[in-house]
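Here are a few exercises to work through with the model open beside you. Try each task before you read its solution.

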Amino acid sequence: MTENEIKDKVVEILKPYVRNTDNLGSVSNSTHIITDLEVNSSRLVDVILAFEDEFDIEVSDEEADKVQTIGDAVAMIKAKI
Amino acid sequence: MDKRRVVVTGIGAITPNANSVEEFRQALFEGKSGIRHFAQLAEHNFSAQVGGRPHGYESKLSEYFTSEDLLAMNEVMIFAGIAGIDAWKDAGLPIIDRKTDEVNWNAGAIVGLGLGGMDTIAEKVIPNVLAKKIRRIGSSAVEQIMGSSVSAKLGGLLALGNQVSSNSSACNTGTEAIVEAVNRIQFGLADIMLAGGAESGDINIWAGFDAMRVLSSKFNEDPEKASRPMSATAAGFVPGSGAGILVLESLEHAQKRGARIYAEIIGTALNSGGHRMGGSMTAPNATSVQRAIAQGVADAGIKGTDVDYINGHLTGTFADPYEINNWRIGLGVTPETLPHINSTKSMIGHGLGSAGGMEAVALILQMTHGFVHRSLNTEDIHEQIMPYANSVAVNRIEKEIKIAVKASFGFGDVNGVTIYRKWEN
């Protein structure tokens, strides 16, 4: 799976949680999940669970804590699949 | 201190026979039953396989909630959200954009529930705990199973800044919420309160009642006959679900903004029977019921004979004849002068925590449109209710309702009474 394919899936998973949908159109690796997309921070728990299901991976709490941007999520997932 | 006057300016409901207030008005007018057979109940060996559960509302969820909302809302929250938003809009109140920081500091909500987010407990919490997969419960279980789930969600949807909480008093919940909210406005602590109750139609909620053998199990093949309050062949209640919410407002606030007023709440009472004199966790102390009704009448400053219509608690159990007798004594009337009475539960089942709210909306609709709805399945009135037969709405009665009473009585031996007077411009 390419980084772009992973990124597309990550954005798709995030979509229902995104409050600032205006910023969805210009997502890049540096897009911050909480500050740019305005995802409620407590819902990151659910986003990580969705990553685990989608990519058949396991993410520890420590690894989850490091995911702040789209790029962080893509890199973490890429390293595990 | 003089108590402020409190009026009803908005109503919202989602019920087993209607997904909007207008549909509910029509269903009540036509005597449309919302009771259905559920294959799921049969598959799980329930004795009683019928119930009342709102359906067909899914396509309009996006009008009320964002996709993010829906990821963290269970059925009872969805019902309360729909009824609350509908009531708010019906009152002509503006919905504040979520992107702004504006808060309605003078508006709050007391919206209760009986048994809460049982679906979330059954589907998310227990299976994951048993599987030792705590992380898999996710982030939204607590907000969906906390007792205040329904009022808390409404607080966010409508930017409420006054008291936001949920009460719980079993089948008296919705009526108690209305009384509590009236009190808050009377004493000047809020100008606007959403008040009512909600309940989900979850198999796990209904299971406990089935185990108690208090549900109607003899009409599984004929669901619309199953809910039979005041009938000689009643043998248990039909479980229901949904939500009914009123917008209550101080009279001065409502008049100042030129709101349409349905009715004034002129009297209320709450009490309990202390599990004495025949009362218990599951049975009412008749004396406490009579006292509650009499206290409500006294609070309203009316006579029992002034009442035009009673929306009874009347569930379709052995307790119905006792309830009718309690109304006679509480109102101080004779069997011949008992006001017209019906049971909305005959159409929608017993909504438990949502009952008082849905039935208050039914009362307002009948008062506004001048009819007492048919109490379904009363063609064989119970022997002990026969002396009151002329008061029972066996068929729809078209009449002006100026004063009406709604009471609820719940497990725990608790009672609530509300008295409404139609608003005349």
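**Exercise 1.** In which hand, left or right, does helix 1 of chain A pass helix 2 of chain A?

*Solution.* Before we start, a word on the source: this is a predicted model, where local features need pLDDT of at least 70, side-chain atom pairs count only at pLDDT 80 or more, and totals for chains, interfaces and linings use all residues. Residues are numbered from 1 along each chain as its sequence is written, with chains lettered from A and ligands numbered from 1 in the order in which they are written.

Step 1: find helix 1 (residues 3-14) and helix 2 (residues 44-55) of chain A, whose axes lie 10 Å apart at an angle of about 135°. Helices here are DSSP runs (H or I, at least four residues), and strands are too (E, at least two), numbered from the N terminus. Axes are lines fitted to C-alpha atoms, for helices over the stretch in contact, with angles from 0 to 180 degrees between N-to-C directions.

Step 2: that angle makes helix 1 of chain A oblique to helix 2 of chain A (under 35 degrees is roughly parallel, over 145 roughly antiparallel, 65 to 115 roughly perpendicular, the rest oblique).

Step 3: the crossing is right-handed, meaning the near helix is turned clockwise from the far one by less than a right angle.

Step 4: look at who touches whom. Helix 1 of chain A brings A:Lys9, A:Ile13 and A:Leu14, and helix 2 of chain A answers with A:Val47, A:Ala50, A:Phe51 and A:Glu54. Contact means C-beta atoms, placed from the backbone, within 7 Å.

**Exercise 2.** Which residues of helix 5 of chain B meet helix 8 of chain B?

*Solution.* Step 1: the axes of helix 5 (residues 75-90) and helix 8 (residues 149-157) of chain B come within 9 Å and cross at roughly 45°, so helix 5 of chain B is oblique to helix 8 of chain B.

Step 2: on the helix 5 side of chain B you'll find B:Val76, B:Met77, B:Ala80, B:Gly81, B:Gly84 and B:Ile85. Their partners in helix 8 of chain B are B:Ser149, B:Val150, B:Lys153, B:Leu154 and B:Leu157.

Step 3: this crossing is right-handed.

**Exercise 3.** How many residues of domain 1 of chain B are in contact with domain 2 of chain B?

*Solution.* Step 1: the domain assignment, automatic or from a database, gives domain 1 (7-256) and domain 2 (267-422) in chain B.

Step 2: 61 residues of domain 1 of chain B are in contact with 55 of domain 2 of chain B.

Step 3: helix 9 of chain B gives the most to the domain 1 side, with 7 residues.

Definitions and conventions. Contact = placed C-beta atoms within 7 Å.
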